[in-house]
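User: I have a model open and want to go through a few local features. Can you take my questions as they come?
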Amino acid sequence: MHALLSGTLVSKAIPVPVPDQMLDVSVETLASDAVHVLQERMWHEQRDFVRARSAFYRRKLGPSLPVTLGLDALQDLPFTDKDELRASQEACQPFGDYVACDLDRIVRVHRTSGTTGRPLQLANSARDVRLIARVGGRAQFAAGLRPGDRVVHCLNYCLWTGGVTDHMTLEETGACVVPFGTGNSTVLLQTIVELGVTAISCTPSYPALLEGLLRDAGKQPRSLGLRLGLFGGEAGLDNPAFRNALQEVWGFAVRNANYGMSEVLSNFASQCEHTDDLHFHGADALFVEIIDPEGSRQPIREGISGELVCTHLAKECQPLIRFRTRDVVTVTATDACACGRTGWRFRVTGRTDDMFNVRGVNVFPAAVQQAVFSRPDLASGQFRIVLQGTGPWDRIPIRAEAAASLPAAAHEPAARELAEAVRRYTGASAEIALVPAGSLPRTAGKTALIERTAP
Ligand SMILES: [Zn+2]
């Protein structure tokens with residue numbers, strides 16, 4: 001437990017204290033005013049540390065980071081974005097001059113995938129590694145993992161945080177973790193049976209591959225006896241039809257157990273058994289702001305949407321101030337959840353990089369996806385937004401696959417109904433062309449929801 005979390009700071013507003021349902025009941029049930037006091041104290045310490053030790057922030061902020069700057073005034077500081085971190089690492093290899101501790105304090109290094117530019121080298125001290133494991137452990141615990149479980153971890157251990165760092169978050173719950181990694185699926189199936197594994201941690205698309213192997217061998221997925229599926233945040237889990245099918249076929253509970261970003265904290269939000277929204281678990285690690293498209297801070301209250309901006313409260317190695325995550329979230333609740341946790345809940349509703357504007361409304365492909373997923377009777381779930389030229393657009397042009405069961409004669413009224421759903425979810429009009437089920441190309445990785453074409 002953090003030294004600051006003692007005595008009077010512990011929340012008075014716990015609905016039903018259920019310590020065996022939480023890893024850190026003293027943090028996870030803090031009332032919002034206590035969170036504020038805790039974060040302000042932690043920030044003062046962190047601010048002094050960054051001022052003294054980060055060459056990057058001394059150069060970037062200089063006198064605008066005065067000794068007295070509190071969390072409220074943080075909104076007057078400029079943002080930090082990923083390109084600046086890349087430039088810092090380019091100029092000062094390998095870890096950048098935003099490293100704030102001595103280099104010999106680094107105990108673990110990861111790398112980002114670099115799909116949108118030069119990969120970042122992520123360095124962590126022993127203290128950082130402990131904090132990351134603890135907050136991530138809360139997420140996995142909230143998702144249902146417990147001491148006594150045996151969980152097989154099937155993400156890539158080669159450089160990515162999804163491997164060994166996620167492994168440590170699983171271990172933090174007290175569960176027994178089997179470090180499997182990717183590939184060797186036949187050996188994996190044997191291992192699950194031999195070791196009496198009860199839970200699997202993997203990508204949402206992986207069970208389909210395992211299912212195929214099992215059926216080829218004349219076995220049912222349920223015969224493995226897994227009770228819990230812990231998944232990362234690919235969009236598939238937001239599709240109720242996909243999620244229900246996964247639960248039905250495997251007989252396990254499906255949870256998004258892992259939301260975060262490796263530059264910030266690899267996992268700081270997850271679903272509990274009572275909600276499909278994500279609980280924020282990092283009250284003693286991150287100060288979070290939600291900003292509107294103009295960059296102004298918005299209060300964290302139900303219904304607010306905006307880009308997530310994160311400031312570390314206790315990071316030793318590569319501390320960040322006002323880091324733009326580019327993820328757009330919508331706050332869904334700030335009251336206590338039925339699980340007893342008081343942290344605010346949210347959904348990830350888009351990325352600022354793929355936002356586009358329709359008649360003054362900012363539209364996110366993820367919101368269109370929610371709309372399409374909401375009508376499995378009309379559409380298969382596969383679609384593309386086809387943007388011609390550079391805009392402006394007066395409606396969202398969408399090519400969507402019809403549901404397999406929908407007769408061709410019903411396509412026209414179905415397209416109108418689907419457009420109505422899109423309008424409800426995005427606030428913008430849509431023009432929908434329905435195409436036969438199965439006709440849009442599938443990709444192995446994440447499918448780009450937007451196709452851009454020349455005018
Ligand atoms: Zn909950």
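User: What follows α5, and what is its phi like?
Analyst: Glycine 144 follows α5, and its phi is positive, near 120°. This is a predicted model, where local features need pLDDT of at least 70, side-chain atom pairs count only at pLDDT 80 or more, and totals for chains, interfaces and linings use all residues. Residues are numbered from 1 along each chain as its sequence is written.

User: How many residues does α5 have, and how far does it reach?
Analyst: Helix α5 covers residues 126–142, 17 residues, and spans 24 Å from its first C-alpha to its last. That is close to the 24 Å expected at 1.5 Å a residue, where the expected span is 1.5 Å times one less than the number of residues. Helices here are DSSP runs (H or I, at least four residues), as are strands (E, at least two), numbered from the N terminus.

User: Is α5 mostly covered or mostly open?
Analyst: Mostly covered: 13 of the 17 residues of α5 are buried. Buried means 20 or more other C-beta atoms within 10 Å of the residue's own, exposed means 12 or fewer, and partly exposed is in between, with C-beta atoms placed from the backbone.

User: Switching to valine 368. Why does it count as buried?
Analyst: Because valine 368 has 25 C-beta neighbours inside 10 Å. Valine 368 lies in helix α10, residues 365–373.

User: Which residues is valine 368 in contact with?
Analyst: Leaving aside neighbours within four places in sequence, they are Val363, Ile385, Ile396, Ile398, Val422, Tyr425 and Thr426. In contact means that the C-beta atoms, placed from the backbone, lie within 7 Å.

User: And how far apart are valine 368 and phenylalanine 383?
Analyst: They are 9.2 Å apart, C-alpha to C-alpha, and 15 residues apart in sequence.

User: Different topic. At what angle do α7 and α8 pack?
Analyst: Helix α7 (residues 185–195) and helix α8 (residues 206–216) pack at about 80°, with axes 10 Å apart. Axes are lines fitted to C-alpha atoms, for helices over the stretch in contact, and angles run from 0 to 180 degrees between N-to-C directions. So α7 is roughly perpendicular to α8; that label covers 65 to 115 degrees, with under 35 roughly parallel, over 145 roughly antiparallel and the rest oblique.

User: Which residues make that contact of α7 and α8?
Analyst: From α7, Ser185, Thr186 and Leu189; from α8, Leu209, Leu210, Leu213 and Leu214.

User: Last one: how is the chain divided into domains?
Analyst: Into domain 1 (10–352) and domain 2 (356–453), with bounds from an automatic or database domain assignment. Their C-alpha centres lie 30 Å apart. Ten residues of domain 1 are in contact with eleven of domain 2.

Terms used: Two residues are in contact if their C-beta atoms, placed from the backbone, lie within 7 Å.
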